[in-house]
Structures are given as structure tokens and as C-alpha cells.
Amino acid sequence: VQTAIGVAHSKLILIGEHAVVHGQPAISLPFPHVGVESIVDYVPGSVKIDSTFYHGPIDSAPDALNGLTACIRETLDYLEIPCENLLIRIKSSIPPGKGLGSSASVSVAVIRSLFAYAEQGYEMADILRLADISERHAHGEPSGIDTLTITSEMPVWYEKDEPFDMIEPQGDFHFIVADSGRMGDTRLAVESVTNLLKSAPRRIHRKLERLGELTHRARTALETASKHVLGNMLNEAQKELEALGVSDAGLNRLIYIARQEGALGAKLTGGGNGGCVIALAKNEVHSKQLCEKLKKFGAHAVWSFSLGSKQAD
Ligand code: MEV
């Protein structure tokens, strides 16, 4: 049997994180700058994982990998391959815990590599269902947006339990992503918002609805090449996310610097309380300048990328 490879890119939430868990829409973007490669080989013995985090049989993997190992077992069962004689090597360039969908990306790459190993084609629904097994361990009650975006080449409009939609941005939008250096825990952040919602249902529901409205307006801005409107929507969304308690000092600082340096909008991206910020630059040259500034002011990593008709970068 030949070596089989599966790859997956990462993702960013442009707007609507947290609200999407509670039925509001969100817009997410595939983020190809970082990703995961999973390589499967026939190696006699038990099923083993080789990653920077853990090297050994899936049976004795640490609890943090329970989701991934459950997902591997279920995928092998679905493919009718015995759970033995495999080495799964996982190489990731996605910093974990930074809101970039690292856990979902690992699952999708591993599932794809196992399908390739079994020489079986797959439907998108297979990947989503199998990756969801792992996401439930990682995130508790995931909306499903991370996995979906990791399997998409286009910006995604997502509402839980609704058919998803692809968005075609018009004009050019230049973004930067900056890593605050602190790891976030999406599961804890999602739980904290859910608890807030229980303790002050009307007030928090209004905030989630407001995020939904901003997301609708952000979609129109993307589809009508309205950079300034999109920037405002990002800034407004950040206010709501702060009120939901999912932003922290490190994120707020990077957001403040990005705005000071002329970003049209800036907010956290993903689960928050650690992780990354996303900012909208005026143009391509400005996005490079913003990257330099944010690096100078302590961002651990920065990336620039663009969306739209001219797909520069
Ligand atoms: C995480 O990328 C996005 C959250 O909305 C959680 C989820 O939707 O599962 C915070």
C-alpha cells in the first residue's frame, strides 16, 4: 500500500463568531497561509500518531487528543479498514489556540489522508460528519463553521442548521492577521458566552442579534466593494465581543494599534481571549505597513492576504 497524503488549510472568522453558536449568521474565510499535512503509511503494529504534540499509539494518547483519536477510529470504521498497521504523521504550520481552526484542520487533513489511503472518494458531508466528532471534544458545542470553512475555497456565509452559502466579494479587500501570542481556549470562551446568556438572557440576546445584523451588513459591504462600511462593521462587532467578555488586553492593544495606524476596521477573530486579530487595510501597500507596525509593537506573527476580484498576494 502506498503512502497517502491529506492536506487542509486553516480558517478565519471575519465576523459573527460566538453569535453563530446561538443561531446568528457568521462570515468566515479560508486562510491558506497556514495548514496541515497528514501522511499515512503502512507500519506493522497498532495505529500510531507522529506529531509535535504526541508520538505513539492512539490507545495511549493524552486526553487532549481524545477527539482526534475518536475521529480516527470512526473514520477507519467507516472505511472498513482494521484499526491497525498505520502510522499517521501530522505536520502543522497552524499555531494552535489562536482562533485559526487548528483542531478542525488537523481532523480534516487526517480524514482526507485516511480516505486517500483506502483509495476512496468522499462527499463533503462525510468529512463534515467525521470532523465534527473531533470538534465536539475540542469545543463542546461547535457551530460547525470551522470545519466547513476548512473544506471551502471561498468565503462562507454560515448559519447553524441552514444550507451554507458562498460569498463572492467584489473589489479588493486587503486584510492582515496578527497573533497576540497568547493561546485562547475556544471551549471556555463559548461556555462563558453561553453562561452569560443564561444569566442575562434579554441583554445578551440583543448583543447576539446585533452581531447578526452587523454580519448581514458586512456581507452587503463585501458584495458591493464597500471597504469603509466593512471596516465599520468590524469595529462595531468588536464592541459587542468586548461586551461579551471574549476580548482581552493583548487583543485590544493590537486592535488599538491597527486602528491608530489607519486600519479601516479591526477586531478579534475566532474564540478570543487570546489568539489573533483581523484588520482591514486601506490597500495592499497599507496592509504591508500595518504588518510591519504590528510586528514592531509585539505581534508574535503577522500575515497579510487579500480577497476579491484581484486576489493579490
Ligand atoms: C470559533 O472559530 C468560532 C466560535 O463561534 C465557535 C463556533 O462557532 O463553534 C467562537
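Trainee: Which residues does the UniProt annotation "domain: GHMP kinase N-terminal" cover?

Mentor: The annotation covers residues 72-146, and it comes from an unreviewed UniProt entry. UniProt positions follow the numbering used here, feature names are shortened, and annotations may be inferred rather than shown by experiment. Residues count from 1 along each chain as its sequence is written. The model is predicted: local features need pLDDT of at least 70, side-chain atom pairs count only at pLDDT 80 or more, and totals for chains, interfaces and linings use all residues.

Start with the span itself. Over residues 72-146 the chain is 56% helix and 9% strand. Its end C-alpha atoms are 18 Å apart. Helices (H or I, at least four residues) and strands (E, at least two) are DSSP runs, numbered from the N terminus.

Now take helix 1, residues 66-79. This helix has 14 residues and reaches 20 Å from first C-alpha to last. That is close to the 20 Å expected at 1.5 Å a residue; the expected span is 1.5 Å times one less than the number of residues. Six residues of helix 1 deserve a look: Gly67, Leu68, Thr69, Cys71, Ile72 and Thr75 are buried. Buried means 20 or more other C-beta atoms within 10 Å of a residue's own, exposed means 12 or fewer, and partly exposed lies in between, with C-beta atoms placed from the backbone. What covers the buried residues of helix 1? The cover includes strand 3 (47-50), strand 5 (86-92), helix 2 (102-117) and helix 3 (124-139).

Follow the chain onward. Just after helix 1, glutamate 80 takes a positive phi of about 60°. Asparagine 85 also has a positive phi, near 60°. Asparagine 85 sits in the loop between helix 1 and strand 5. It is partly exposed, because 15 other C-beta atoms lie within 10 Å. Most residues other than glycine have a negative phi.

Next comes threonine 147, found in helix 4 (residues 145-150). Threonine 147 is buried, because 28 other C-beta atoms lie within 10 Å. Leaving out residues up to four places away in sequence, threonine 147 touches Ala104, Val108, Leu128, Ala131, Asp132 and Glu135. Touching, or being in contact, means C-beta atoms, placed from the backbone, within 7 Å. Arginine 129 is 18 residues from threonine 147 in sequence, and their C-alpha atoms are 9.4 Å apart.

Now step back to the chain. It is divided into domain 1 (4-158) and domain 2 (169-308); these bounds come from an automatic or database domain assignment. Their centres, taken over C-alpha atoms, are separated by 25 Å. Where do the two meet? 27 residues of domain 1 are in contact with 38 residues of domain 2. On the domain 1 side, strand 1 (4-15), strand 2 (26-42) and helix 3 each supply at least two residues. That side divides into 15 nonpolar, nine polar and three charged residues. Here Ala, Val, Leu, Ile, Met, Phe, Trp, Tyr, Cys and Pro count as nonpolar, Asp, Glu, Lys and Arg as charged, and the others, Gly among them, as polar.

The largest nonpolar core has 89 residues. Such a core is a set of buried Ala, Val, Leu, Ile, Met, Phe, Trp, Tyr and Cys residues joined through C-beta atoms within 7 Å. Helix 2 gives the most to this core, with nine residues. Both domain 1 and domain 2 give residues to the core, so it lies between them. Ile15, Ile176, Ala258, Val277, Ala279 and Leu294 have the most contacts inside it. Look at isoleucine 15. Apart from neighbours within four places in sequence, its contacts include Ala26, Ile27, Leu214, Thr215 and Ala218.

Helix 6 runs over residues 201-223. After helix 6 comes alanine 225, whose phi is positive, near 55°.

Finish with the other record. For "domain: GHMP kinase C-terminal", also an unreviewed entry, UniProt lists residues 228-299. That span is 57% helix and 15% strand, with its end C-alpha atoms 24 Å apart.

Conventions:
Two residues are in contact if their C-beta atoms, placed from the backbone, lie within 7 Å.
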